[in-house]
Amino acid sequence: MTPPYDPGDVVEVVRAPEPGGVGGAYRAFGETLRGLKTTFKRFVEKPVTVEYPEEKYPVYPRFRGRHKLHRFEDTGLEKCVGCSLCAAACPADCIRVVAAENDPEHRVSAGERYAAVYEINLSRCIFCGYCEVACPFDAITMGHDYELSDYDRSDLIFTKEMLLAEPLERTPLRREGE
Amino acid sequence: MPRPEIKMITFSIDGREVQAPENTMLVDAAKYGDVEIPVFCYEPKLGQPVGACRMCLVEIEGIPKLQTACSTPVKDGMVVHTQTQRVHEAQEAVVEFLLLNHPLDCPVCDKGGECPLQDISFGWGGGRSRFVEPKRHFQKPLELSPLIAIDRERCILCYRCVRYSQEVSEDYQLVLQERGAASYVATFDGHPYVAPFSGNIVELCPVGALTSKPYRFRARPWDIEGAGTVCTMCPGQCNVTLTVRDDRVLRVLARDHEEVDDGWLCDRGRFAYQSFHVDERITSPLVRVDGELRPVPWDHALDVAADALKRAGGAVGALAGGGTTNEEGFLLQRIAREALGSPHLDSQRAPVDRRSLLAIGDPGLQATVPDIEYAHAVLVLDTEPVDEMAILDLRIRKGVRRRRVRLAVASARPSALDGNAALSVRFAPGGGPAFAAELVAAARGEAASDDARAVVDLLRGAGEDVVIVASERVGAALAALADALGLRDRDGAGLIVVPSSANGRGLREVGVLPDAGPGLAPVARPGLHAAEMARAGAEGELTAFWLHGVDPLRDLPYRERWEQALDRATDVIAHAAFLTEGIREHATVVFPVEAYAEKDGTLTHPDGRLQRVRPGIGLQGRNRYGWQVLADLGRRLGLELRVLTAGMALAEVAAAVPFYAGLTQDEIGGRGIRWQEREAASAYPRPEGLPDLAAPTVREGAGLRLGTFRSIWASPEVEHSPALRFLVPRQRVEMAPADADRLGLGDGQRVVVSANGSRVEATVTLRHAVPAGSVFLQDGLVRDAANTLTGSVVEIRPAVTSEVAG
């Protein structure tokens, strides 16, 4: 049989110790203890699993969770103008925008136009973040919340009010160096 | 002018040899070689190119400077380059210039996603701007009219809208104010741009400067679907594309069909879609219980209607109008004739007998709509195109302006086309048939009035190809006139007969006439026409009325008689979309009628083109298809009908009308087909001679002669479209200043117009063009409509203030 590689001129064959004697004893206890060393080392360490849902795994800052709509901090107006670009970019077709014209007396957004209806069907959303990329006004961003399960599919259609509302701080953010 | 011959030439574009028709502009010729040249201002529909935007610059060998492809006709052997460095640099520079003052507010702009400026900036622009200075600012958004919003910051000054207003619709309202960078589009003195065809500028605008107010911010191109169909609001039957979102029509766009509408729409066609989705629409069958119309299940309403019709039997008077399709009209007449044994059917406003209809519908005498453009002369006889078949108005203007068609207008009421006409003559109101008879006499060289001779001389002098656009009520004389002028079997010449309802031609060809069955075949027992039905109803001879898309109180003359007839009738079964007065007060059963966006069926254009109306949205509420309702009624009345789909209904029509033989929905397709061009046209019945041409009638009485007209805006669809409501007409009496002086009346004064004890209130409108001795009132209004008056000679006196208040 030819070896699969070129072994060179000198071939050294390492053989296992003969059964019995010192070699046999080492084989019976030494290697076992070596294995147990790992076991005992882990035994004194803290557990790596988390007790979900009492305890949550922190997410990275760029984690793409549930969407958030934003308002301008100074004026309180919605940043979204209802341009529907997010709906155009959405590969899952889960965003529905119906725009309307602003009433100068009671402005909703800064421009002429605002989103009268803004709905995201989160049961369809694939959390790709294209909506965030498409948005020309940074009005929609991906938040950190990933706890979205519900008992009814229709409850997963998030309306503009739900998306604008400050989400419950349910998900810890991973800190620097964590 | 006859159509020019097309000569093909060969030229080279981007190194490829391409065949194109000679003298087409390079932009269009390039398309024959699959080369796209970007344009903003170029739009062939607007006439001669202006080369205003400079986007289409190309390099032509032998010419040192770059040329605008939109205004350079292609010549044999021309060598054109569109992909050289020079051209690219020029195009980038033009885009940069155009964007200097453009706000780039695409996310807010309504045009975003379907904007040529976006597309061209992306495709041909440099991608960056060196302009850091502040941009030009205007107040925005402003109302250009209640229907159109204008954003002047977005305007790139391509002139399209101004050219449209000046050269296509010829309302001369839009102008460009100021000069240079300060230029802006406006009306001369800032008044709103209100015109019958104003909405077209929204579709023309290549940027978001002109936007439709009703559509403002409703949807983006990726939210919507387009659905092609045909507008059924007037005989023009313009092809449209409905913009549908969430099963609602949000916009109507023109679907360019050169043979029908030339790519334009009137404002009623463009904005009255709003009436499809209003709460006032009937979307459930109603039955009158204890004097009140109540929604009921379909089966109940059908049973009640079938019982009522069965009870009345031969004493049913059936009328069809509005957007009634060929299939519905055919089923209606079949049920009335076969199941009820009633010959009393009509679809016309003024009676024209079968022999006359046969003669004027003859395939040898028919002109097509584009013939208007290419004829030597056009005669508009006793019709006002802008009110009765709006889109023809633009076509006639185009012919006169671009192809120097000689136009003669003969009408009672001053026409909107008078300014374009080489000759306008007036006759007494109601004198259309008599004047046509005089024209025939003049054309045959017999004794006739000077006016008639002048018109015939003008038509003869212009050339052989004459197109006569006339109202259906003129009748038999039209055929005689066409023959006398030698128009029979001439291509590019003939008649276009404007019927009184949107599908008037189709309805008469499928047999909704008192004296003709399907295919204009004679019937054994002729029935009563509409006006006689009213009399018979009032006298108790007819006990039930069956109204399909017609409200006699609104749409037909002799309102008083109709009121008595409907009052006296035991049953009135109506198919209606809105509860107009006659339906609301008198109907015992009301079936909802679909809007044309929901309809499935065919229409026949006045020039013989069969077109399909196809559903763009689902049936609203509990609506059912019209043919289905009629077929259900027919079955309840014991008729064996094999109608389970709209296609089967059309097959029934095609089997019964010899000259429609073999027509299928597939054959009609998206562009329609003229039945005169099919083989089956030879089955058209031979004309059976003409009745005596009407002798000139002289109106008796000392008062003023009353003429009536129905404005384009007088329709329930306009009343129920929020955006159009400002256009709903109110009664005004148009009169000559001389008459007003004599009666001591002034412009704007409230008056009472009375005849034989009937009276309407109106506001005086003085028009110099109105011939003295005639006054004109409007029909089709909610209040004070002209059909309230029972005589044709009226008296006018100032209204007493208390009467105005009432």
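## Domain layout

In this predicted model, chain B is assigned domain 1 (8-83), domain 2 (131-275), domain 3 (286-348 + 504-683), domain 4 (356-498) and domain 5 (704-805). The pair considered here is domain 3 of chain B and domain 5 of chain B, whose C-alpha centres lie 32 Å apart. To the contact between them, domain 3 of chain B brings 12 residues and domain 5 of chain B brings 10 residues.

## Buried area

Between domain 3 of chain B and domain 5 of chain B, about 850 Å² is buried, and carbon and sulfur atoms give 45% of that area. On the side of domain 3 of chain B, the residues that lose the most area to domain 5 of chain B are Arg554(B), Arg559(B) and Phe578(B), which together account for 68% of what that side buries.

## Polar and charged contacts

Two salt bridges are found across the interface of domain 3 of chain B and domain 5 of chain B. Arg554(B) forms a salt bridge with Glu719(B), in which the closest N and O atoms are 2.3 Å apart.

## Elements on the domain 3 side

Helix H18 (552-555) and helix H19 (559-568) of chain B each supply at least two residues of the side of domain 3 that touches domain 5; the largest share, four residues, comes from H18(B). Sorted by class, this side of domain 3 of chain B has six nonpolar, one polar and five charged residues.

Technical notes
Residues are numbered from 1 along each chain as its sequence is written. Chains are lettered from A and ligands numbered from 1 in the order in which they are written. This is a predicted model: local features need pLDDT of at least 70, side-chain atom pairs count only at pLDDT 80 or more; totals for chains, interfaces and linings use all residues. Side-chain values use heavy atoms; hydrogens and water are left out. Domain bounds come from an automatic or database domain assignment. Contact means heavy atoms within 4.5 Å. Buried area is the accessible area (1.4 Å probe) that two parts lose on being put together, summed over both. A salt bridge is a side-chain nitrogen of Lys or Arg within 4 Å of a carboxyl oxygen of Asp or Glu. Ala, Val, Leu, Ile, Met, Phe, Trp, Tyr, Cys and Pro count as nonpolar, Asp, Glu, Lys and Arg as charged, and the others, Gly among them, as polar.
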